[in-house]
Amino acid sequence: MGRQRGGPVIELRNCSKRYPSQLGQAAVDALEGVDLTIRPEEFVCLLGPSGCGKTTLLKAIAGLVSLDEGEVYIDGDLVTGPGPDRAMVFQDFALLPWADVVTNVAFGLELRGVPKATREKKAFELVQAVGLAGFDHHFPRQLSGGMQQRVGLARALAVDPQILLMDEPFGALDALTRRLLQEDLLTLLDRRRKTVVFVTHSMDEAVRLGDRVVLMTPRPGQVRDIVEVGLPRPRPPDLEKHPRFAELLEYLWQQLREMRP
Ligand SMILES: Nc1ncnc2c1ncn2[C@@H]1O[C@H](COP(=O)(O)OP(=O)(O)OP(=O)(O)O)[C@@H](O)[C@H]1O
Ligand SMILES: [Mg+2]
């Protein structure tokens, strides 16, 4: 709140995606007629049951899947593939196992032809920023899950994308680690102007992090409801004591329960 808005607008217009049938299996309608406008520098959480098309929607914004119908626009430009304005953070971290932390963080910069000294300096700074000082030359297998996801986050931030796409980034972590990473993510974003699309299964996480929560229906994924969170920013450490917090969780839970198959 009170921040100047200047990032890109993401617009999904009537987006549908069907995965064709394979080896006798039926085709899957993953998304159907999704319309959604994400505001500049907004933090939007996508919440919905497993298999409702959240990852597909995120990949459509990333330019990693082709749609059967509809389009995604970023600042009015049609998305036709991945681009330097977008970076993704994955649930399973997707780090390079043979590369150390600095090399992993610098990977996107290397792909962009940034000279070694420059990219390592930038990577080193980000390793500090995500709380991994001293682990620059560790390998992913030597890190805990939470630490590996900090590397994933640093790698995405290294290319300084305008849009951060996060697919259940904290889903594999224990509750304590998850809370710490949520707090650290908000702190990191305070100083960086980005539009964030964050997929989660957790109502609690969606409300803690988001400006709006987009509730999706079970397959085929459609937008069922969009909820304005309206909680103060920066989010206070005792957010759960805010009456609006309980109210939102209750509302989301009712909606999700009604969608139960
Ligand atoms: N590459 C693919 N080929 C065929 N079907 C797919 C493919 N990717 C996803 N699907 C199907 O599309 C539907 C939506 O998948 P998607 O991964 O987008 O859901 P999701 O909401 O992210 O689920 P989860 O919460 O479990 O991660 C699922 O039924 C899935 O089986
Ligand atoms: Mg998914």
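**Helix packing, sheets and ligand shell**

Analyst: Let me start with a helix pair: helix H2 (residues 101-111) and helix H4 (residues 145-158) have axes that come within 7 Å and cross at roughly 30°. Please keep in mind that this is a predicted model.

User: How do H2 and H4 run relative to each other, roughly parallel or roughly antiparallel?

Analyst: An angle under 35 degrees counts as roughly parallel, and H2 and H4 are therefore roughly parallel to each other. The crossing of H2 and H4 is right-handed.

User: Which residues make that contact?

Analyst: From H2 the contact takes Val-101, Asn-104, Val-105, Ala-106, Phe-107, Gly-108 and Leu-109, while H4 contributes Val-151, Ala-154, Arg-155 and Ala-158. By class, the residues of the contact of H2 with H4 comprise eight nonpolar, two polar and one charged.

User: And what about H3 against H4, at what angle do they pack?

Analyst: Helix H3 (residues 116-129) packs on H4 at an angle of about 135°, and the two axes are 9 Å apart. That angle makes H3 oblique to H4, and the crossing of H3 and H4 is right-handed.

User: Which side chains meet there, by residue?

Analyst: On the H3 side Lys-122, Ala-123, Leu-126 and Val-127 meet Ala-154, Leu-157 and Ala-158 of H4. The residues in the contact of H3 with H4 divide into six nonpolar, no polar and one charged. Ala-154 and Ala-158 of H4 are named in the contact with H2 and in the contact with H3.

User: Which strands does H4 lie across?

Analyst: H4 lies across S6 and strand S7 (163-167), and runs at about 175° to S6.

User: What is the strand order in the sheet of six strands?

Analyst: That open sheet has the order S6-S7-S8-S3-S9-S10, and its pairing is mixed. Strand S6 (86-89) and strand S10 (223-228) are at the edges with a single partner strand each, so one side of each is left without a neighbour in the sheet. From one strand to the next, the twist averages 15°.

User: How many bridges pair S9 with S10?

Analyst: Strand S9 (residues 212-216) and S10 pair through five bridges in the antiparallel sense, and Val-214 stands opposite Ile-226 in S10.

User: Switching to the other sheet, the one of four strands: what is its order?

Analyst: The sheet of four strands is open, has the order S2-S1-S4-S5, and is paired in the antiparallel sense. S2 and strand S5 (77-78) stand at the edges, and since each has a single partner strand, one side of each is left without a neighbour in the sheet.

User: How many bridges join S1 to S2?

Analyst: Strand S1 (residues 10-19) is joined to S2 by seven bridges, with the two strands running antiparallel. Within this part of the sheet, Arg-18 stands opposite Asp-29 in S2.

User: Now the ligand. Which residues are around ligand 1?

Analyst: Around ligand 1 are Tyr-19, Val-28, Ala-30, Ser-50, Gly-51, Cys-52, Gly-53, Lys-54, Thr-55, Thr-56 and Arg-219. Strand S2 (28-38) and helix H1 (54-62) are the elements that give two or more residues to this shell.

User: Which element gives the largest share?

Analyst: H1 gives the largest share of the shell around ligand 1, with three residues.

User: And how does the shell divide by residue class?

Analyst: The shell around ligand 1 consists of four nonpolar, five polar and two charged residues.

Conventions: Residues numbered from 1 in each chain as written. Chains lettered and ligands numbered in written order. Predicted model: local features only at pLDDT ≥ 70, side-chain atom pairs only at ≥ 80, totals over all residues. Near = placed C-beta within 6 Å. Nonpolar A, V, L, I, M, F, W, Y, C, P; charged D, E, K, R; others polar. Pairing = 2+ DSSP bridges. Axes fitted to C-alpha atoms, helices over the stretch in contact; angles between N-to-C directions. Parallel < 35°, antiparallel > 145°, perpendicular 65-115°, else oblique. Left-handed = near helix turned anticlockwise from the far one by under 90°. Contact = placed C-beta atoms within 7 Å.
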